[in-house]
Amino acid sequence: MILGLFLAAACGPGFRPPLNPFYDSVPLDPSVAEVRFDVPYRTGDEADPEKHRLDLYMPTGPRWPMLVFVHGGSLEKGDTAQRVAGHDIYRNIGRFYAQRGVGVALINYRLQPGVTWVDQADDVAAAVSWVSHRLEEMGGDGRLFLSGHSAGSWLVSHVALNHELQARHEVDPRAITKVISISGSGFDLTDELTWDLFGREEVWQRRFSVEPGDPDWKRRASLIPLLDGDAPPFMLFYAGDEWPALVRQNKLMCEALASTEVGCQIAEIEQSGHRRMLLAMSHPDRSLASMILETLKTDRP
């Protein structure tokens, strides 16, 4: 998305805010990590030659945790190679964490209107499966963290919670150490107060409907109905200057997780906005990056 409530079009081609001091370009010493671009995670006649690909950052040091990250862009735009104001904002995330001993997989997926959100979640599940079955040979220590910004958070959350997706792609939910959601939303699309705060319901109905006129699109696309005792822990981050509807969605999700006795952490990142949260993920002086690194280095299954 950038899902803001759900999917504000923030990280598309029109996203041109001044990046400094919010962005810090990170170099990566080639001796610290091996990098592979555009690795196919789906092959065969049905594979998309551009979108069924991922970028891998594999540290050369001792065994490490793996962070799978999925970009936002309103489900309609975005790419791991995307540049904003001349900066490769997504690959900077890969460099930042790999430089600090964390493996990273940056995921591409097909975009709307060519496919539905169901197809997009299926793409992300296929990518997570590809990574999870290769953790040991790549050098990982077995820990697998799923993360995304906005729409990307919504997509990885479906993979973490949707048992049908997991079975189709042989993703073991017990192998997911934690979901790290960055400015995510769409957790409960049936919540009427959210729509009162945000509005423009018809826009999101178009993006979340699998077929025109689907009367049940809100429930089908929501994440909270998928929660059960097998769900992994979630860490939910939202910006201090977020849309009120998005803040409500994060709090609803954490309450729902707590009610099922699944672990949930939630934090407001001060002096940040929905768009800037993405940049703060790879900025060494921002609290968001520090908190994510602490989780990646200390959390165990």
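Arg-143 counts as buried at 4% relative accessibility (buried is under 20% relative accessible area, exposed over 50%, partly exposed in between, with a 1.4 Å probe and protein chains only). Its salt-bridge partner is Asp-141, with the closest N and O atoms 2.7 Å apart (a salt bridge is a side-chain nitrogen of Lys or Arg within 4 Å of a carboxyl oxygen of Asp or Glu). Asp-141 counts as partly exposed at 26% relative accessibility.

This is a predicted model, in which local features need pLDDT of at least 70, side-chain atom pairs count only at pLDDT 80 or more, and totals for chains, interfaces and linings use all residues. Residues are numbered from 1 along each chain as its sequence is written, and side-chain values use heavy atoms, with hydrogens and water left out.

**Salt bridges**

- The count of salt bridges comes to 18.
- Lys-178 and Asp-299 form a salt bridge, the closest N and O atoms being 2.6 Å apart.
- Lys-178 lies in strand E6 (residues 176-182) and Asp-299 in the segment after H11, so this pair ties together parts that are 121 residues apart in sequence (helices, H or I of at least four residues, and strands, E of at least two, are DSSP runs numbered from the N terminus).
- Lys-178 is buried at a relative accessible area of 5%, and Asp-299 is buried at 18%.
- Within the Arg-110 and Asp-123 salt bridge, the N to O distance is 2.9 Å.
- Arg-110 is in the loop between E4 and helix H2 (117-132), while Asp-123 is in helix H2, 13 residues apart.
- Asp-123 counts as buried, at 0% relative accessibility.

**Helix H1**

- Helix H1 (residues 89-98) has 10 of its 10 residues buried, so it is largely enclosed by the rest of the structure.
- The cover over the buried residues of H1 includes strands E1 (33-40), E2 (53-59), E3 (64-70) and E4 (103-107), and helices H10 (274-280) and H11 (287-298).

**Nonpolar cores**

- The largest nonpolar core has 58 residues, and Met-66 and Val-131 have the most contacts inside it (a nonpolar core is a set of buried Ala, Val, Leu, Ile, Met, Phe, Trp, Tyr and Cys residues joined through side-chain atoms within 4.5 Å).
- H2 gives the most to this core, with 9 residues.
- Not counting residues up to four places away in sequence, Met-66 touches residues including Leu-56, Val-131, Leu-135, Arg-143 and Phe-145 (contact means heavy atoms within 4.5 Å).
- A second, separate core of 35 residues includes Tyr-90, Val-102, Ile-182 and Met-277.

**Aromatic rings**

- The whole structure holds 8 aromatic pairs (rings of Phe, Tyr and Trp, the last by its six-membered ring, pair if their centres lie within 6.5 Å; planes under 30 degrees apart count as stacked, over 60 as edge-to-face and the rest as tilted).
- Phe-69 and Tyr-90 form a tilted pair, 6.3 Å centre to centre with 35 degrees between the planes.
- This pair links strand E3, which holds Phe-69, to helix H1, which holds Tyr-90, 21 residues apart.
- Phe-69 counts as buried at 2% relative accessibility, and Tyr-90 at 1%.
- Phe-96 and Tyr-97 form an edge-to-face pair, 4.8 Å centre to centre with 80 degrees between the planes.
- Ring pairs link Trp-117, Trp-154, Trp-195, Phe-208 and Trp-217 into a cluster.
- Arg-100 lies over the face of Phe-96, at 3.8 Å from the ring centre (a charge sits over a ring if NZ of Lys or CZ of Arg is within 6 Å of the ring centre and within 35 degrees of the ring normal).
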